[in-house]
Amino acid sequence: MSRIICINSNRVQKSLDTKELLHKKLINAGFKIDYDYNPAAELIISIGGDGCFLQTVHDYNIPNIPLVGINTGHLGFFPDVSPDEIDDFIESYLKGEYITQEIPLLQAQIVTKNNGTKLFAINEVVVKGDKSRTIHLKLNINDKHVQNFSGDGLIISTSTGSTAYNYAVGGSIVDTSLNVMQIAPVAPINTNSYRSFTSSIICSDDSIVRISPECEFENSILVVIDGMEFNFKEISNISLSISDIRIKLLRTSNYEFWSRVSEKFL
Ligand code: NAP
């Protein structure tokens, strides 16, 4: 039976050139290539940056198949292989010389007046005002009211997503071996009328964070999952928790989280 690998790439010329090269090399190594999602594949390769990696996971509907990224993007926190390391990667892959990192996803249950929708995030779920409006939210953790929030929005991130949007608003970088949820405020308002927490809050993996609009059935809230916008009418509340669903990311055997942080950020 032939071994199948799926390849997904962005439209950047460097990615398209890398895709062509990778295709030839994988065929020579005895693999069959699919450019659409194929459940029989043993590996999915994303060619691009972090954005392309996130898009691949969502386009392929959160696959159970291991993924690896080839970085032709800017930062490349997810993709581990550079285009000039393709030969080494194929050789290591065939020998089984890699680490599999399991990444737990964040689950968001969005309840509206008439409906319920479940969405999954790798990096984060952002709850913000539609059309740049200020939003007024109630924040509950494990059924306890923590504080109301007024401002631009809240970013609820996974440990993996802690280095992304969360970090840009002053949230903490979290070691990915810790499975936590981080709630970071974006432009919190602190006046005599509104009091909002100003630092991020970190919750344990069994916490349930519930965000609800101060006014019942809010129409001006935007939910952004890993950079993708979702508009819901008449939101009643959003519950966030760490899911049992994980994606599997292949890492080269010399991958180490803090070296990566130091190399990319510090
Ligand atoms: P995007 O252009 O695809 O990504 C924005 C930047 O975030 C890129 O430099 C990307 O790296 C980097 N990035 C993504 N995931 C990361 C991670 N886990 N750790 C470190 N850096 C990461 O933007 P998008 O399509 O709007 O949204 C995709 C992601 O971008 C979101 O999940 C969000 O976390 C992040 N984002 C960041 C900001 C900000 O920092 N102000 C604002 C909006 C969204 P590459 O260059 O390799 O693609």
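**Burial, pockets and domains**

Reader: Does Ser-9 count as buried or exposed?

Author: The relative accessibility of Ser-9 is 15%. The cut-offs are these: buried is under 20% relative accessible area, exposed is over 50%, and partly exposed is in between (1.4 Å probe, protein chains only). At 15%, therefore, Ser-9 counts as buried.

Reader: At what pLDDT do side-chain atom pairs count?

Author: Residues are numbered from 1 along each chain as its sequence is written, and side-chain values use heavy atoms, without hydrogens or water. This is a predicted model, where totals for chains, interfaces and linings use all residues, local features need pLDDT of at least 70, and side-chain atom pairs count only at pLDDT 80 or more.

Reader: Which residues does Ser-9 touch, leaving out those up to four places away in sequence?

Author: Ser-9 sits in strand E1, residues 3–9. Strands (E, at least two residues) and helices (H or I, at least four) are DSSP runs, numbered from the N terminus. Contact means heavy atoms within 4.5 Å. Not counting residues up to four places away in sequence, Ser-9 touches Ser-15, Leu-16, Lys-19, Ile-47 and Cys-52.

Reader: How many residues of helix H2 are buried?

Author: Helix H2 spans residues 50–59 and is mostly covered. Its buried residues include Cys-52, Phe-53 and Leu-54. Just after H2, Asn-61 takes a positive phi of about 60°. Of the 10 residues in H2, the buried ones number seven.

Reader: How far apart do the C-alpha centres of domain 1 and domain 2 lie?

Author: Domain bounds come from an automatic or database domain assignment. That assignment gives domain 1 (3–96) and domain 2 (105–244). Seven residues of domain 1 are in contact with nine residues of domain 2. Between the C-alpha centres of the two domains lie 31 Å.

Reader: Why does the second largest pocket lie between domain 1 and domain 2?

Author: A pocket is an open set of points on a 1 Å grid over the protein atoms alone, where a 1.4 Å probe fits, with protein on both sides within 12 Å along at least five of seven lines; lining residues have an atom within 4 Å of a point. The residues lining the second largest pocket include Asp-50, His-74, Asn-123 and Ala-164. This pocket lies between the domains because its lining takes residues from both domain 1 and domain 2.

Reader: Which residues does Ala-164 touch, not counting those up to four places away in sequence?

Author: Ala-164 is in the loop between strand E9 (144–157) and helix H4 (165–168). Its relative accessibility is 28%, so Ala-164 counts as partly exposed. Leaving out residues up to four places away in sequence, Ala-164 touches Asn-123 and Glu-124.

Reader: Which residues are closest to the centre of the largest pocket?

Author: The largest pocket holds about 440 Å³ of space, a volume being the space filled by probe spheres set on grid points joined across faces, edges and corners. Of its 25 lining residues, the closest to the centre are Asp-80, Glu-85, Thr-252, Asn-254 and Arg-260.

Reader: Which element do the buried residues of H5 pack against?

Author: Phe-257, Arg-260 and Val-261 are buried in H5. Down the helix axis, these buried residues fall within an arc of 100°, so they line one face of H5. The arc is taken over the directions from the helix axis to the C-beta atoms. The buried residues of H5 pack against E15.
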